[in-house]
Amino acid sequence: MMASILPSAQQQQIRKLGSSGSRAQQKVGRITVVHAGVLCALSAVIAFYFGMVLGSSAATSSSSTSSMNANAEGSNKCFTASQVREKIQEALKKHSSSSPEKEVAISRDTDRRFPEGMERLVVGMAQIERDEFNKKFDLGLPLDPSDTKNSQVLILYSSEKTLPSNPFRSNEAKSQTAIPSMAADEATENCDALHVILQDHSGTRRQCTAILGQYEAFHIQKFMRLPDKGKLDPSQPLRIVNRGAQTSGRLSVAPPGLETTQNGWKALQKYLNLMDDALKTLDPLAKKAAVDNSIVVQVCNFGQSELLLNFLCSAKRRGLDTSSILVFATDQETYDLVNQMGNANVVFLKDIFDEMPSKAAKAYGDKSFMQMMMAKVYCVHLIAMLGYDVLFQDVDVVWYRNPIHYFHDENALDASFDVYFQDDGNHALYYAPYSANTGFYYVRSNERTLHFLNSFLMAGDLVLQSRSHQIPLVALLQEHASMYGLKIKIFSRDGDTFPGGHAFHRRKTFMKDILEGTAHPEIFHMSWTKSKDNKKKFFEQMGEWFLQDKCTSKSMHEIYPSRPDDKTDMVSDCCSLEPRVSCHYRDKPSKIPCKDSPPIDTGAKSFW
């Protein structure tokens, strides 16, 4: 096959030698054929590539045809190695003199992309399709959808050893060509470690990124042109700020003052002193409630009890098993209601919760709200201390299916994560990068998660200072992911499995699909809603309100003036057989058109 590319005269001479000589001569003849074939093949390949490279520069000139003919003619001759080298030099010399622009272009293409002064920082780069990268490396984050201006991930190579094994790909990454596109496996095949930096992609910020060769760090140092007080001022020098600093001058969260910290210590001391007795009380209840070592935990005071009772009524009417639920009542009234309802386990740890408010919070972040946030921290910590997996959920939730089974189904989700959170939907800087909602999350029992919950317990002053426990929780998630390898998964706000208030207010088409029965989420969480009253109204519009008026915001004594007996069926008395649908606001999702109702948002159009 090699000999077929030789000139015909040489082929005949070699065949003649092979047929007339001795065996030794024939062997030499065969070797000669191979050697000559390799040399001529090399000549042909070099001629082809030089025809491509040199001919490309002449493609727009009148001599392109003659150059190609010359190349073709040369390929019919067989050259020695020295002749090949001479031909290459002649071609380069001729090309250089005839096309200096091409010589400069070739030189630029083969020059290294980064200068010597960056050699120990970065030697090359590549790009990977963003969706492919996210599928290959699940960061656990609530990812924004890719678009035409945010469709690639940039990879920087820190040394020659990290470059792709393919020499052509390696040279592309290093040289001043276009940034090569690669598959995720190929681009990262020699990366023993991969650091991922999350960068704003809005295109609206005048933001720069500096990479400094230095003792390695896992936190970003942020500088802004902010004065000591006031909004961003381009005339000011860049100065270091906290990560939540915004152009408005808001610095996200101030550190707790001494008084706040001492209040946090006081509450913590009381809890720790009572914790052992609480664990003894909880142990038999937890054993009764656990399903495959998982317990659904809720905490509620009397002011929020109607939302809790509606949840229990809704689950009952859908035929869902609620025996895995353990409700932490923070007052006697709530304990009595849940205990009489009979379809959930309930406990009232009076010594721990005796100072908790019995009234509902009037708004997000008020004093009652903050105190109940600490109650949430305590109840999850107690169950985790007993060694159980915890599915915590707020009372403003309805189930379409029992979600505990979802977290036990390894075909439904990646079971390698330690904690799973619903996406809050608010992607403000102070929630970055996780935006974890603390009203619906699942925690697997292990050393990493228990240490995380212990750390969260110690952060009571941060909860009090921020008037929420989402901000300190997200900050701790980042630190524990970095320090201890805590694996965190956030269910995206654009997903359909665990929707909440963001979907209610922002995803009109998806909400119509739920209301029409063509979308099938596991649960719905009425987050992103100002007050208990609005939560109730929104559930009524969605057709998810099952609690009768006579049991709404009523204590056991008010529902049953005469003490209830063993024959009292509170489910039948308080839970309607069908959802109680009513209109309140035309611009919010509704089971039926509410076009005649006023909007809650000024000037908003009808949902239908």
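**Entry 1: H10 and H19**

I looked up two helices and found that H10 and H19 are roughly parallel to each other (angles under 35 degrees count as roughly parallel, over 145 as roughly antiparallel, 65 to 115 as roughly perpendicular and the rest as oblique). The model is predicted, with pLDDT of at least 70 needed for local features and 80 or more for side-chain atom pairs, while totals for chains, interfaces and linings use all residues. Residues are numbered from 1 along each chain as its sequence is written, and side-chain values use heavy atoms, without hydrogens and water.

Helices (H or I, at least four residues) and strands (E, at least two) are DSSP runs, numbered from the N terminus. I noted an angle of about 25° between H10 and H19, and their axes are 10 Å apart. Axes are lines fitted to C-alpha atoms, for helices over the stretch in contact, and angles run from 0 to 180 degrees between N-to-C directions.

Which residues meet here? Glu306, Leu307 and Asn310 of H10 meet Lys532, Lys535, Lys536 and Phe539 of H19 (contact means heavy atoms within 4.5 Å). By class, I have 2 nonpolar, 1 polar and 4 charged residues in this contact (Ala, Val, Leu, Ile, Met, Phe, Trp, Tyr, Cys and Pro count as nonpolar, Asp, Glu, Lys and Arg as charged, and the others, Gly among them, as polar).

**Entry 2: the cover of H19**

Phe538 and Met542 are among the buried residues. The cover includes H10, strand E9 (397-399) and helix H17 (501-506). After H19 comes Gly543, with a positive phi near 80°.

**Entry 3: the sheet**

I traced an open sheet of 7 strands, in the order E7-E6-E5-E8-E11-E10-E12, with mixed pairing. Two strands pair if DSSP finds at least two bridges between them. E7 (345-347) and E12 (488-491) are the edge strands. E5 (residues 294-300) and E6 (residues 325-329) run parallel and are joined by 5 bridges. One of the pairs I looked up is Gln298 with Val327 in E6. Helix H16 (residues 470-484) packs on the sheet and touches E10, E11 and E12.

**Entry 4: H14 and H16**

I found that the axes of H14 (residues 447-457) and H16 come within 10 Å and cross at roughly 140°. H14 and H16 are therefore oblique to each other. Among the residues in this contact are Phe452 in H14 and Leu476 in H16.

Notes: Buried means under 20% relative accessible area, exposed over 50%, partly exposed in between (1.4 Å probe, protein chains only).
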